[in-house]
Amino acid sequence: MTNSIGQLKWRYATKKFDPSRILSVEKLEVLKEAFNLTATSFGLQPLKLVVIKDAAKKQQLVPFTNNQQQVKDASHVLVLCTEAEMDADFIKNHFKRVEKTRATARKVLEPFETFLVNSFSEKDSSTIENWKTNQAYLALGNLLTVCAFEEIDSCPIEGFEPEKYDEILKLKEIGLKSVLILAVGYRDEIDFFISLKKVRRGVEEVVIEM
């Protein structure tokens with residue numbers, strides 16, 4: 001068994017966190033950097049991460065997360081958000097970062113920049129929203145894997161009320177929309193699900209080799 005497979009077998013969707021155990025600053029920095037390093041389509045990163053530690057704020061969010069207590073008991077709640085606006089300026093700012101970071105000549109960057117600006121201008125809002133949401137799922141998958149390697153317990157959550165989260169966290173005011181939730185921390189050893197075997201279809205059933 002490789003170490004990577006071992007860690008993926010170790011992780012599970014934690015149902016009960018130990019509220020007395022808090023992630024260290026170092027562990028939290030790893031998760032933040034992992035989010036920043038997540039692959040996104042065209043490298044555009046139409047995402048931001050809201051990190052919630054405040055106990056009162058976490059408690060306030062529980063009723064709008066199907067009363068899932070993980071939100072209250074986790075060390076931190078990570079709210080994966082999409083940028084509300086995905087316009088030409090957003091794309092151009094990305095290419096400015098590329099130019100600055102890689103010292104790439106403008107004449108090299110301009111054709112692709114123009115292509116992306118034109119391409120997104122032709123898409124309807126629903127298509128763009130779906131695309132942004134897909135990027136959030138890429139980030140979630142990356143964070144789950146990093147959590148496993150760092151032995152940080154986690155629970156991904158789709159069952160929540162985004163509008164209420166946006167209101168409570170005042171996300172609209174900063175141009176964001178909540179899409180996914182990830183509770184992180186450390187498992188409570190009395191969690192019934194710790195000892196359960198993983199239920200998966202099996203490699204031979206889900207992988208097709210040609």
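Here are some questions and answers about a few side chains in this predicted model.

User: Is T65 buried or exposed?
Analyst: Buried means under 20% relative accessible area. T65 has a relative accessible area of 0%, so T65 is buried.

User: Which side chain has a polar contact with the side chain of T65?
Analyst: Leaving aside neighbours within four places in sequence, T65 is in contact with residues including V71, I157, G159 and F160. For the polar contact, the distance is 2.6 Å, and the partner of T65 is Y165.

User: On to the rings. How many aromatic pairs does the structure hold?
Analyst: One of the aromatic pairs is F42 with F112. Counted over the structure, the number of aromatic pairs is seven.

User: Is the pair of F42 and F112 stacked or edge-to-face?
Analyst: The ring centres of F42 and F112 lie 6.1 Å apart, with 65° between the planes. Planes over 60 degrees apart count as edge-to-face. So the pair of F42 and F112 is edge-to-face.

User: How many residues apart in sequence are the parts that F42 and F112 tie together?
Analyst: F42 lies in the loop between α2 (25–37) and β1 (47–52), while F112 lies in helix α6 (residues 106–121). The pair therefore ties together parts whose separation in sequence is 70 residues.

User: What about F112 and F115, are they stacked or edge-to-face?
Analyst: F112 and F115 are three residues apart in helix α6, so about one helical turn separates them. Their ring centres are 6.0 Å apart and their planes are at 10°. Planes under 30 degrees apart count as stacked, so the pair of F112 and F115 is stacked.

User: Which residues do ring pairs link into a cluster?
Analyst: F42 and F112 form an aromatic pair, and F112 is also stacked with F115. Ring pairs link these residues into a cluster, whose members are F42, F95, F112, F115, F120 and W131.

User: Which residue lies over the face of F120?
Analyst: F120 is one of the rings in that cluster. At 5.7 Å from the ring centre, the residue over the face of F120 is K123.

Notes. Residues numbered from 1 in each chain as written. Predicted model: local features only at pLDDT ≥ 70, side-chain atom pairs only at ≥ 80, totals over all residues. Heavy atoms only, no water. Buried < 20%, exposed > 50% of the residue type's maximum accessible area, 1.4 Å probe, protein only. Polar contact = N/O pair within 3.5 Å; in protein donor to acceptor, adjacent residues only side chain to side chain. Contact = heavy atoms within 4.5 Å. Phe/Tyr/Trp six-rings, centres within 6.5 Å; stacked < 30°, edge-to-face > 60°. Helix = DSSP H or I, 4+ residues; strand = E, 2+ residues; numbered from the N terminus. Lys NZ or Arg CZ within 6 Å of the ring centre and 35° of its normal.
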